[in-house]
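Keep the viewer open as you read.

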Amino acid sequence: MKPMLSMFALVGAYLRANLKAAFEYRVSFASEMFAMLVNDCMWLGFWIAFYERYPVVHGWVRADVVTLWAIVATAFGVATAVFGNVVRRAGIVARGELDVYLALPRPVLLHALISRMSLTAWGDVVFGVGVFAWLTQPTAADWLLFATLCASNVGIFVGFGALVSSAGFWIGPAEGLAQQAMNILISFSTYPTTIFRGSVKLVLLSVVPAGFLGFVPAEILRARSPHWLIAHFAVSLAFVALGSLVFARGLRRYESGNLSVVRT
Amino acid sequence: MQSTLELRRPGGVARTAGKLWALMAASARRRLGHLGELAVRSSFVAIMLFVFSQLWREVSLHVTARPGGYSLAQLVWYLAFAESIVFTTPSNQEPELDREVRTGDIAYRIARPLAFPLHHLAVSFGDRLVRFAFNLAFGLAIAWLLVGTIPLRLEAWLAAFGAALLAISIDELVVLTLSLTAFWFESTVGFHLLYRRAMLLLGGALVPLTAYPDWLAEVCRALPFQYYIAGPAALFVGASARGFGALVLMQLTWASTIALAAYALYHFGLRRAIAQGG
């Protein structure tokens, strides 16, 4: 229990430090956050207009599209605000910049992930929470479920990110590959999985867990399915475990870049 | 003294054009040296195309009317061309030019015998030409695999390629203009993000403008983003090159306006530049 609390304390301390650093450049912080908020609103407006003109998914109404976007945006926002290096870690590995974390008495993966915060991430969080509150009129139970699903989604994002970024241990410069994999995950997560068929649908609910990030949570909120909720937790835990395991295996192959670096 | 002056003088239009060409070619060669990265990035075009083909296939099952007047095959080929233009943009949120302005590296750049913005335009254009070729090869191959061929006419293809190259040039000018605001702002990431999103959603990169709801199509037609993507892509799948002249005229008008804005920003921005240390 104590190590767990210590880890939470570390995450909290980094979050506070990163926020303080962001507030040192508050105009920049505010402008990036606002830009992401507007960006997300544009996406949502586009898809609402699209689905209203072309009702592709039977039974889906505007609130479902909003819920899907709200959950994906909030979870991605929290994931990249707290674990800001989740997308950049492949480059850190490739450049041999992990040394600074290896020398410290904390879990290397966690430490490397939390040492940076994405400024635009807060725009995603504000957007997700805001549109969920404003456009779906949620009850207290909806909020509880929304928060739980977002937390579970953060596990999927971070676990998947850790997994693909670890490719750098084997193939070297894997930043482009990891970025592309994350882009694919995010892109697919904002579509209702029912538009896909056969093996593609299977892939989106397993190897690339995009269906679990957007469509499944939206369906859980709509239909209150306990089976899907349990499956969601299981997938989240599985990706966190897999990401940690592959990172640990990869770390054995790590070669230092012999660089003087600061934690970024 | 004389040699210093010669070093800093651009050397006339012909010599400047020669330098720009050399920079473009070097940049294109450098990009060709990273074939793996090119292939990975172009594969994203293929994935986007696959997703949209699935989406439009579902639409065609539920909607009897042709979306925007396009058949499913035409839509997929339209998207292949449109995404090929969109995915020529670099993946980093903050272009190199912004970083140089913010960090003071501009001090080294402006001493070179070529205007700093022109240097960036040439390097970036060479890079994007190679990306465009790769994206198009991937995109068209996937479109062919997904929906087969559509009737294509040579004059429409040539017109579309010409318009696409102009579109990429205009996009470069806009990115340059936004980057030059780094003389005044701490970060330009937000500007670039919003510009890219507006181009994607209002420029017809995901859906032809004619397939939008009427009110949204009207908004898009009033904005210049249509000249980047929707214009060239519509020519590509069109029955002829009709409309090419009007499109190019609007593209050139827009390019001139942006170039003037970029020139003004650079002119006034340089006065604010402060370089410290070495």
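## Two threonines in chain B

B:Thr181 sits in the loop that links helix 8 and helix 9 of chain B (helices being DSSP runs of H or I, at least four residues, numbered from the N terminus). This is a predicted model, so local features need pLDDT of at least 70 and side-chain atom pairs count only at pLDDT 80 or more, while totals for chains, interfaces and linings use all residues. For bookkeeping, residues are numbered from 1 along each chain as its sequence is written, chains are lettered from A and ligands numbered from 1 in the order in which they are written, and side-chain values use heavy atoms, with hydrogens and water left out.

With a relative accessible area of 13%, B:Thr181 is buried (buried is under 20% relative accessible area, exposed is over 50%, and partly exposed is in between, using a 1.4 Å probe and protein chains only). Its side chain reaches the backbone oxygen of B:Leu178 at 2.4 Å. Setting aside neighbours within four places in sequence, B:Thr181 is in contact with B:Thr188, B:Phe191 and B:Leu265 (contact means heavy atoms within 4.5 Å).

Now for B:Thr257, which belongs to helix 12 (residues 244–270) of chain B. B:Thr257 is partly exposed, at a relative accessible area of 44%. A polar atom of the B:Thr257 side chain lies 2.8 Å from the backbone oxygen of B:Thr253. B:Thr257 and B:Ala230 are 27 residues apart in sequence, and their C-alpha atoms are 20 Å apart in space.

## Helix 9 of chain B

Helix 9 of chain B covers residues 189–202, 14 residues in total, and reaches 20 Å from its first C-alpha to its last, close to the 20 Å expected at 1.5 Å a residue (the expected span is 1.5 Å times one less than the number of residues). How much of this helix is covered? Mostly: 11 of its 14 residues are buried, including B:His192, B:Tyr195, B:Arg197 and B:Met199.

The cover comes from both chains: it includes helix 2 (26–53) of chain A, plus helix 4 (72–86), helix 5 (96–103), helix 8 (154–180) and helix 10 (214–221) of chain B. After helix 9 of chain B comes B:Gly204, with a positive phi near 90°.

## Helix 5 of chain B

The buried residues in helix 5 of chain B are B:Leu97, B:Asp98, B:Glu100 and B:Val101. They take up an arc of only 165° around the axis, so they sit on the same side of helix 5 of chain B (the arc is that of the directions from the helix axis to the C-beta atoms). An α-helix has 3.6 residues a turn, so residues three or four places apart point the same way.

These buried residues pack against helix 6 (106–109), helix 7 (116–147), helix 8 and helix 9 of chain B. B:Gly104 follows helix 5 of chain B, and its phi is positive, near 95°.

## Where the chains meet

Between the chains, 32 residues of chain A are in contact with 37 residues of chain B. The buried area is about 3,100 Å², with 74% of it given by carbon and sulfur atoms (buried area is the accessible area, 1.4 Å probe, that two parts lose on being put together, summed over both). A:Phe46, A:Tyr54 and A:Gln180 supply 19% of the area that chain A buries against chain B, more than any other three residues.

Conventions: A polar contact is a pair of N or O atoms within 3.5 Å; within protein, one must be able to donate a hydrogen and the other to accept it, and residues adjacent in sequence count only if both atoms are side-chain atoms.
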